[in-house]
Amino acid sequence: MPTLELVESSIKFGVVAAAPVAGSFLGVAVLRSGTSSILNPARSHCSHCGASLSARDLVPLISWTLSGGRCRHCGDRLGWFYPGMEIAALGVALWVAQALSGWAIAVGCLLGWTLLTIALIDLRRLIVPDALSLPLLLAGLGLAVATDLSGTMVDPWDALLGATLGYGAFALLGRGYERVRGMPGLGLGDAKLLAAAGAWVGVAGLPSVVLVAALAGLAGALLAGATERDRRIPFAPALCLGFWVVWLHGPLAVGGL
């Protein structure tokens with residue numbers, strides 16, 4: 001038993017220690033999304049003066065803190081994006097570490113970090129990249145075949161049906177909205193993301209994912225002052241939140257059911 005506890009403690013320490021590094025990489029992925037430069041190992045540089053950043057400038061959280069959030073070459077403010085991403089990735093790891101056990105911790109972190117990336121890309125570009133949502137779908141189906149990692153007890157057929165219903169529901173809803181309003185509503189990117197959620201949480205978890213996403217999306221729109229009828233509002237961040245919460249903690253209990 002002490003050995004198992006030591007292994008689990010090591011896993012938790014490992015993901016927490018790796019989280020800021022992962023967050024820094026995810027920040028690069030978000031900012032370079034839609035370009036080929038994400039595959040190009042170009043050196044990081046200051047966006048103001050263009051000076052290349054060395055290893056001492058790129059230590060997650062520490063470099064930014066020691067420099068006072070400024071470029072050491074020109075003194076320009078570096079902004080909060082990268083330290084914010086590193087803190088967010090760390091928050092995901094800490095949340096997973098207290099909610100899961102064993103090797104599920106590593107899987108939970110990878111899922112959370114992927115959803116964080118998808119959410120921020122949609123906020124910036126109003127798009128859910130297939131390069132992230134489709135592997136997430138396949139991973140959910142694969143995990144259902146391999147083992148159950150969450151409390152939702154998703155078996156392979158349940159995962160497949162959940163993915164099918166998730167995609168079909170949003171695809172039909174988006175098509176219906178477009179026919180009525182004459183403009184796109186929910187995009188197929190959102191439908192693919194809900195399909196991925198269905199593969200991870202199963203049929204029983206899908207209504208909870210949609211409910212949490214709808215409430216979060218409405219709250220976000222109200223906070224942002226989205227009163228213009230034709231304004232496009234990214235839905236993936238809310239959908240990612242619903243996906244994450246339901247996979248991690250199970251479907252919502254409504255009316256004692």
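The expected span of a helix is 1.5 Å times one less than its number of residues. I note that the model I am reading is predicted.

**Entry 1: helix H3**

I looked up H3, residues 81–99, and found 19 residues. From its first C-alpha to its last, H3 reaches 27 Å, close to the expected 27 Å. I then listed the buried residues of H3: Pro-83, Met-85, Glu-86, Ala-89, Val-92, Ala-93, Val-96 and Ala-97.

**Entry 2: helix H4**

I repeated the length check on H4. Its 22 residues should span 32 Å at 1.5 Å a residue, and the end C-alpha atoms lie 31 Å apart, so the two values agree. I checked burial next: H4 is mostly covered, with 16 of its 22 residues buried. After H4 comes Leu-126, and I read a positive phi there, near 55°.

**Entry 3: H4 against H8**

Two packed helices are described by the angle between their axes and the distance between the axes. I looked up both values for H4 (residues 104–125) and H8 (residues 236–249): the angle is about 165° and the axes are 8 Å apart. Angles over 145 degrees count as roughly antiparallel, and H4 and H8 are therefore roughly antiparallel to each other. I recorded their crossing as left-handed.

Which residues make the contact? On the H4 side I found Gly-108, Leu-111, Gly-112, Leu-115, Ile-118, Ala-119, Asp-122 and Leu-123. On the H8 side I found Ala-236, Pro-237, Cys-240, Phe-243, Trp-244 and Trp-247. I sorted the residues of this contact by type and got 11 nonpolar, two polar and one charged.

Definitions and conventions. Residues numbered from 1 in each chain as written. Predicted model: local features only at pLDDT ≥ 70, side-chain atom pairs only at ≥ 80, totals over all residues. Heavy atoms only, no water. Helix = DSSP H or I, 4+ residues; strand = E, 2+ residues; numbered from the N terminus. Buried < 20%, exposed > 50% of the residue type's maximum accessible area, 1.4 Å probe, protein only. Axes fitted to C-alpha atoms, helices over the stretch in contact; angles between N-to-C directions. Parallel < 35°, antiparallel > 145°, perpendicular 65-115°, else oblique. Left-handed = near helix turned anticlockwise from the far one by under 90°. Contact = heavy atoms within 4.5 Å. Nonpolar A, V, L, I, M, F, W, Y, C, P; charged D, E, K, R; others polar.
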